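Hi there,

Here is the structure I promised to pass on. Have a look at it first, and my notes follow below.

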Amino acid sequence: MEIAEKAVFTGMERPRFKLKSRMKAKADPGTGAKVWQKTLPYCMVLPAMLIFGVFVIYPVFYMVYVSFFDWNMIADMEFIGIENYIDMFTDKDFWLVLGNTFQFMLMMVPASIILSLLIALYLKKNTRINRWIQNIMFMPNIVSLVSISFIWMWMMDENRGLFNYVLSLFNISPVNWLGDPDVAMFSLVLVNIWKSLGYYVLIIVAALQGIPGYLYEAAALDKSKPITTFFKITLPMLSPTLFFLVLTGIIGSFKTFESVSLMTAGGPADSTNTLVYELYQQGFVYYNTGYASAMGVVLMVLVGAMTLVYFTVLQKKVHYQ
Amino acid sequence: MKKIELEQVSKFYEKDVPIIEDLDLGIEEGSFTILLGPSGCGKSTTLRMIAGLEEVSGGTLKIDGRDMKNVQPGDRDIAMVFQNYAIYPTMTVRENIEFGLKNAKIPKAERRKRIEEIGGITGLTEYMNRKPNALSGGQRQRVALARAMVKNPQVFLMDEPLSNLDAKLRTQLRTELIELHQKLKSTFVYVTHDQVEAMSMGTHIVLMRDGKVMQQGTPEEIYDDPDNVFTAKFIGTPPMNVFRAEACPKSWKIPEQAHYIGFRPEHVRFFRPETESIELEGRIITREMLGAEILYKLDTPYGFLQARDYHTADKHEGNVRLWLSRGELCFFDSQENRIRSHMEEY
């Protein structure tokens, strides 16, 4: 009805505004043009959505699907219900690996954030030298973790490494950085902190520089000691940024893989075996594809839960003024 | 008694580029002193030096006779209200007000008493547990005021505290600040570029330009007796009319050294006064009816001028005759400074 009215309307209009008829058509499209106008945006996002669907949505659903099967990627898939999950949750190794992952996360996240916060406070003043230091600190972040791992493996080598050489100068007996089950996880964390520090510092420095200077002036007039100013003004103002870094840090820790794979291969005695490395082993070494998919689902749920926490809190968390 | 004294104070950010040079200024105890001037005149810098937020590059700054060099802002017994309020966004209203008291280690019972009292005065009692982002601009300004007042400082420093508010609220808070000053009897130093604010609130105005004091005195002195063309033109809405002396006819008997002649818009008359006067002709360009008064803009052979008439039945139009009373003219020399010796002669 409405379309019919429109058609009549445009039909009457056109002869009267002959010169403007082309403009008129643009502003008041006919039926065909109207449909086209509505579908055009969807056509334009279609390629992106197709890629997203094929490479993201489909694999996720396929992973969940596969996790209910016994499969080695070659033989026929055998539906076994939730048996993979039962196997997993009753497997001692799974809990060990999950525990290792949490251990990694609990060392990695607080240490890297506190350390980068301290460095950022030092680098807060926007001077030439500070910008240089910041750039240098960011460099590990653009280097592949594979290269980094090799450099650190050399430095941590028990016999020829830099670390033990330095220790020997102080008459400290050599440490088997990557071979000692009690030390290996710590060494991995060290490498990962070193890599991500520059990124954390960059973000925290930006956030620090975003805190308006007049707040510090007001604090100075309020007789606030530096330590009070830090805990009552700086830290609360940074909290949204720190919260973001903690969450992304946790998610990153859950997914840690390269350094484990290259530097320790999960060893010694599974002491550095983490969730993703175990998943990789199950999937691509032992070809327990169904079981690996079930682990993938658990990982996805964990990371998904953290992401959900982030967005829920973020929505409640006030963006000050 | 002088509460704050600046002696030969200068301020440099870069070498050889003085923001303020050799500034001498005394601020009386209990006064409501306004630092007034166009932007970039150094008024805010002066205030911030008094607060201790900017270092004094040269000269001495004393509060209560004590040199303030190396005295921290928090130890100067001052409170400051910032243009953008500078309230702590992560703290509630109460925490904002309490912060300074806690740092000064005032006991809890005393703190509570003072906050309650201040909350009553500023009308913030019911907003105490709110975060600043849930407050309107006017309320935020009150929080900033409350935070300053609660410390019972000897000196209040205010840096354009009303400029972020809308016109109506500004007028209202202006009155409140005057009342506050009368009640507290402490020294107020107030920075503004708005001469109406300055005239209406100040007991003492310091008019600045390019880091120098152009004139200081009571609002009446500044208005009625300007020392220079800058003051004459900066103060008053509309400002003083200033003609170039060379454009005016000999019959006006202008003193020889005078390069400029100034007169207030309200001294332009549409009738012949009884005192000795100058007569001129003009054509009315615009007429603004403001209620009690009417502003005219006129074109005369000697330049444009503005005239203020009071609301009467007379409605002036087209070409009119105007009279200026000779005693009300101000003469300025080539340096734009006032010539006073001729006041009595003419």
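Between them, chain B and chain A bury about 2,100 Å², with 62% of that on carbon and sulfur atoms. Please keep in mind that this is a predicted model. Of the area that chain B buries against chain A, 24% is supplied by B:Tyr88, B:Pro89 and B:Thr90, more than any other three residues. In terms of contacts, 26 residues of chain B meet 20 residues of chain A.

A:Asp222 and B:Lys151 meet through their side chains in a salt bridge, at 2.7 Å from N to O. Eight residue pairs are in polar contact between chain B and chain A, counting pairs with both residues at pLDDT 80 or more. Several elements of chain B each supply at least two residues to the side that touches chain A: α1 (43-51), β6 (78-81), α2 (93-103) and α4 (137-149). The largest share comes from α2(B), with three residues. By type, the residues on this side of chain B split into 14 nonpolar, six polar and six charged.

B:Asp309 sits in strand β16 (residues 303-310) of chain B. B:Asp309 is buried but has no salt bridge, and the nearest side chain of opposite charge, B:Arg287, is 7.6 Å away. What B:Asp309 does have is a side-chain polar contact of 3.3 Å with B:His316. Leaving aside residues up to four places away in sequence, B:Asp309 touches B:Phe270, B:Glu293, B:Ile294, B:Tyr296 and B:His316.

Best wishes

Technical notes: Residues are numbered from 1 along each chain as its sequence is written. Chains are lettered from A and ligands numbered from 1 in the order in which they are written. This is a predicted model: local features need pLDDT of at least 70, side-chain atom pairs count only at pLDDT 80 or more; totals for chains, interfaces and linings use all residues. Side-chain values use heavy atoms; hydrogens and water are left out. Helices (H or I, at least four residues) and strands (E, at least two) are DSSP runs, numbered from the N terminus. Buried means under 20% relative accessible area, exposed over 50%, partly exposed in between (1.4 Å probe, protein chains only). Lys and Arg count as positive and Asp and Glu as negative; His and the chain ends are not counted. A salt bridge is a side-chain nitrogen of Lys or Arg within 4 Å of a carboxyl oxygen of Asp or Glu. A polar contact is a pair of N or O atoms within 3.5 Å; within protein, one must be able to donate a hydrogen and the other to accept it, and residues adjacent in sequence count only if both atoms are side-chain atoms. Contact means heavy atoms within 4.5 Å. Buried area is the accessible area (1.4 Å probe) that two parts lose on being put together, summed over both. Ala, Val, Leu, Ile, Met, Phe, Trp, Tyr, Cys and Pro count as nonpolar, Asp, Glu, Lys and Arg as charged, and the others, Gly among them, as polar.
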